[in-house]
Amino acid sequence: MIVNKSAMEMSQLLNNGEISSVDLTRAHLDRISEVDGQVKAFLFVDHDGALAQAELVDAKRRSGENLSPLAGVPLALKDVMTQRGIPTTCGSKMLEGWRPPYDSTVVTKLRSADVVILGKTNCDEFAMGSSTENSAYFPTRNPWDLTRIPGGSGGGSSASLASYEAPLAIGTDTGGSIRQPAAVTGTVGVKPTYGGVSRYGLVAFSSSLDQAGPCARTVLDVAYLHEAIAGHDPLDSTSINAPVPPIVAAAKDGNVKGMKIGVIKELQGDGYQPGVLKLFNQSLEELAKLGAEIVEVSCKYFDYALAAYYLIAPSECSSNLARFDAMRYGLRIGEGSAEEVMNSTRSAGFGKEVKRRIILGTYALSSGYYDAYYGSAQKVRTLISQDFKDAFEKVDVLVSPTAPTTAFKIGEKSNDPIAMYLNDIATIPTNLAGVCGMSLPSGLAEEDGLPAGFQIMAGAMKDDRLYKVGAALESALTKKWGGGILGKAPKLVAK
Amino acid sequence: MALTYEDLLTKYEPVLGLEVHVELGTKSKMFCGCSTNFGAEPNTQTCPVCLGLPGSLPVVNEKAIEYTIAIGLALNCSIAPYSRFARKNYFYPDMPKNFQTSQYDEPICSNGFLDISVETEDGMQDFRIEIERVHMEEDTGKSLHMGGAKGRIHGADYSLLDYNRAGIPLVEIVTKPVEGTGKLVPEVARACVAELRDILRALGVSDVKMEQGSLRCDANVSLRPIGESKFGTRSETKNVNSLRSVERAVRSELLRHGSLLIDGKRVIQETRHFHENTGETTSGRSKEQAEDYRYFPEPDLAPITPSKEFIEKIRSSLPEKPSIRRKRLQENWRVPDKEMAAMINADVLDLVAATVELGADPTRSRGWWLGEIARLANEREVSAGELPITPRDVFEIVSLIEAGELTDKLARQVVEGVINGEGRPKDIIESRGIKVVSDDSALSAAIEKAIAAQPEVAEKVRGGHIPAAGALIGTVMKETRGQADAAKVRELLLRHLGQG
Amino acid sequence: MISREDVANLAKLARINMTDGELDHLASELSVILDAVARVQEVANSDVPPTSHPIPMSNVFRVDENRPSLSPEDALSGAPASEGQRFKVPQILGEE
């Protein structure tokens, strides 16, 4: 099936004239109709818009215009990115029906690359969660097992890839929301260096941690998408004013001979599913076979990362979400004064997890508690950044399992916030330090036959290293498995 | 019996604090490229950033930084080598993000001073007002309160929000507590705001129009028993929209505090609203439960680290300090302190200077602006600068007087006409047919007519009783509809009657 | 560690109505979470500077020039209510 191909394969077919973008888009829209009733990855499918875009690209190609490598290829967009005139809900009732009057910079760049945006994918409300169960609309299902979570907060994007509803997706990662879903769905996802991709139009959850990033089924596809969306944006004061690292070249190179790979002592052991650890170690062996040197490093402050994250992120979010007050856009519920309407709207419009984090954040910033909580967390951040700096003096990349377990059942952890938060224990340090990270499939865990992820981390603006190591490992494992891991997933068909 | 100001001062010592907000005259807003033009149609100068739409991000206007540093330097502040923006979190419908991007514990300028002079019966008294900080923030949207009485918030049914003003760069200037001013505290407050305004105008960083809101003043006052060191409870007064209101509000608040304290009651820490029409304040929001603003460093913006070179470049391009300029003008015009103070109080100094610049005689220029024009301004309860008469108009009028084409009396009619909006001096002269009658023959005719009508008076004058000529002069003036030059009439009349 | 009354005050600061049940529930959940996150204090010594920007940068500015604004239709497009090209909001009780 055409939808099973990689984005690069599709691009080649488009270039050869073997398929038009309109047909390719239609094939994906059909696939969505067939299976999304079961997967529930999409909140909004833009049939007309996507086909119109595809037509435009086909016309450009016919006229002989030079097109980007991703031109005409379809993509799914996480619903926290603004797209002009298209419903953007952030998985919340607060923004039900809101159509932004402006495009995020990521969308602007995707348009210049002539990528076809199929629609908006489901996520945990305002990107807060690790399972997509916090979406105010419905939970998304993991295509590997529809009774299980697809990860979060970007479960919709990862599920759309794993179910072949889209070959490319955009996610956002604040504490692991791209990488952990990639791990539990057997796909590839990258959190770029903080500031590498513009946040203009990314509805803010935690401003100093959020990053939009590329997702796909192969490392090379992710590389092309990464290059398409990265770069300095004058509309984002935190965006890095430096050239995009040579990411596609690194993905094509994939030669890890002589590279030093650091295994983080603190990110394994207790709490990690044995099958997941086994796959991690097997992946290390593959890299060693390819000529990389495996070294153990200790990042002793990583033990405090989860605690620091669950102070910083809620604090920033309590401030970022204050704008949702029923006055200028979004939900308005209740009678009485402006204050009363604000209170009732925020009560009705926000879900449990969001409210929990807003209250926690309000507390951590309040007078008398700032130093002990938010202030202290920002200091831990310094210590963790130093851990990374010290480690990167000794090694080229750091590695760990992406998440401690494979996909759990829907409902299994939703009543235990701390258990839920532990899903991000390996991914959070990356966000705190602002460095980059990738997750790619390490295999299927022997306990349950479900995918696990291998996480690679590199220093700020060294994103290309992720792709070098990722490509090498992917190639070795694909050879070992006789094909991509998604080939082993249950075949989803229309019911 | 009502407490008098004098009584108050025998028991209590006033302490003053001023918070002045200045809207900077940049082309674009603090964090986005929207226009800052005043008076545009509602919500036509907004964008995702200043509307605080989900996903929007701020980017700092470099001119706003430059202007703020210039203000800090003009106020003798230290410029921080490292400063940051911070979020001040609170909810209000005129604030799109429900936090204000401002500065907290790392302001860009701090620890400066401002020297002012206040007129007293014993001459000019100097004060040095210490400046705590000068920092940057963003303005809010504007609300129209509908359905209730007189557009005030109390009793309104609903409100309408216009966000054109949201995001306009604001600079906040905060003084340290001002003590030791004794009874002069209202005058000191006024002089401080006036001097700040002049400095800001000279810097060219704002049009500082209090009536348009580009310069806003909050006055904080408190009283403490004489001899005590601890400050009394203070109140903050807002809606102080003119220099005169600053003085009145401060005096009114001191009396209110004094009356409460004398009666053994306590002053509530609160925000009060000043009313122009009554000259008094009413209670606003109680600040006893101060809202916790949960300040934290703004994660969407990078710190500001102005280099020494950048700061020096701004310092070297600062214009002449208003106080230096005033000294220079005073020397050039050879004007005593009292008259300088009068011009400053009447807010006509710049107008006089502009008139002199055009070539008019300084003494005559001063005379007109301080005299007739200031009087008419007071009558209309506006400042001289708000009247339609310009320095050029005054220059023309003075020139015409010097050329003998206008008498002082006729000139007053012209001034009145310009102020009434009838046009420029030449237009008034033409439309009202104002003309000095100095033609001797025409005058002679009128003089002879007057003598013929009052022969006894004429006899008196012939007999050496000169003062009696006044009645005849009056008649001639009436006959010529006031257009004769009175001095000339007197001269001719006396000559006619053999006395000159 | 965090009382129901504390949570009620925080909910007020955050402008979110909460039922008694919600307040109780949150108070117990947040107590557990705060216990867990308080460990940041163990290593946050006075000689460690705080980080608020992971990738250090400074002096990021834009030139003072005008860029096109949204049309008023676009600006008001999400408004729950509007009148005369302004956002219409219910009666505001607090003093301005």
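Buried residues are those with under 20% relative accessible area. In this predicted model, such residues make up 53% of the 500 residues in chain B.

**Figure 1. Overall architecture of chain B, with its helices, strands and domains**. The secondary structure of chain B in the predicted model consists of 16 helices and 15 strands. Its C-alpha trace extends over about 95 × 55 × 55 Å along the principal axes. Among contacts in chain B with a sequence separation of 6 or more, 69% join residues 24 or more positions apart. The domain assignment divides the chain into domain 1 (5-314), domain 2 (322-431) and domain 3 (440-496).

**Figure 2. The contact between domain 1 and domain 2 of chain B**. The centres of domain 1 of chain B and domain 2 of chain B, taken over C-alpha atoms, lie 32 Å apart. Each of the two domains contributes 10 residues to the contact. About 840 Å² is buried between domain 1 of chain B and domain 2 of chain B, and carbon and sulfur atoms give 41% of this area. On the domain 1 side, the residues that lose the most area to domain 2 of chain B are E119(B), M124(B) and E195(B), which together account for 43% of what that side buries.

**Figure 3. Charged and polar pairing between domain 1 and domain 2 of chain B**. Five salt bridges are found across the interface of these two domains. A salt bridge also joins the side chains of R201(B) and D350(B), with an N to O distance of 3.2 Å. Three residue pairs, both members at pLDDT 80 or more, are in polar contact between domain 1 of chain B and domain 2 of chain B. Helix α3 (residues 185-203) of chain B gives the most to the side of domain 1 that touches domain 2, supplying seven residues. By residue class, that side of domain 1 of chain B comprises seven charged, three nonpolar and no polar residues.

**Figure 4. The interface of chain C and chain A**. In this assembly, 55 residues of chain C are in contact with 62 residues of chain A. The area buried between the two chains is about 4800 Å², with 69% of it given by carbon and sulfur atoms. R15(C), V40(C) and P54(C) supply 12% of the area that chain C buries against chain A, more than any other three residues.

**Figure 5. Polar pairing and secondary structure at the interface of chain C and chain A**. Three salt bridges are found across this interface. K355(A) and E22(C) form a salt bridge in which the closest N and O atoms are 3.2 Å apart. Between chain C and chain A, 18 residue pairs are in polar contact, both members being at pLDDT 80 or more. The side of chain C that touches chain A receives at least two residues from each of α1 (4-13), α2 (20-37), α3 (40-43) and β3 (86-90) of chain C. Of the elements in chain C, α2(C) gives the most to this side, with 10 residues. The residues of the side of chain C that touches chain A divide into 36 nonpolar, 11 polar and eight charged.

Figure 6. The C-alpha atoms of P417(A) and G129(A) are separated by 9.4 Å, although the two residues are 288 residues apart along the chain.

**Figure 7. The buried residue T430(A)**. T430(A) is found in helix α15 (residues 428-433) of chain A. With a relative accessible area of 0%, T430(A) is buried. Leaving aside its neighbours within four places in sequence, T430(A) is in contact with R179(A), K191(A), F388(A), V435(A), C436(A), G437(A), Q455(A) and M457(A).

**Figure 8. Helix α7 of chain A, a mostly covered element**. Eight of the 11 residues in helix α7 (residues 219-229) of chain A are buried. The buried residues are V219(A), D221(A), V222(A), A223(A), Y224(A), L225(A), H226(A) and I229(A). Just after α7(A), G231(A) adopts a positive phi of about 130 degrees.

Methods:
Residues numbered from 1 in each chain as written. Chains lettered and ligands numbered in written order. Predicted model: local features only at pLDDT ≥ 70, side-chain atom pairs only at ≥ 80, totals over all residues. Heavy atoms only, no water. Contact = heavy atoms within 4.5 Å. Buried area = accessible area lost by both parts, 1.4 Å probe. Salt bridge = Lys/Arg side-chain N within 4 Å of Asp/Glu carboxyl O. Polar contact = N/O pair within 3.5 Å; in protein donor to acceptor, adjacent residues only side chain to side chain. Helix = DSSP H or I, 4+ residues; strand = E, 2+ residues; numbered from the N terminus. Nonpolar A, V, L, I, M, F, W, Y, C, P; charged D, E, K, R; others polar. Buried < 20%, exposed > 50% of the residue type's maximum accessible area, 1.4 Å probe, protein only. Domains from an automatic or database assignment.
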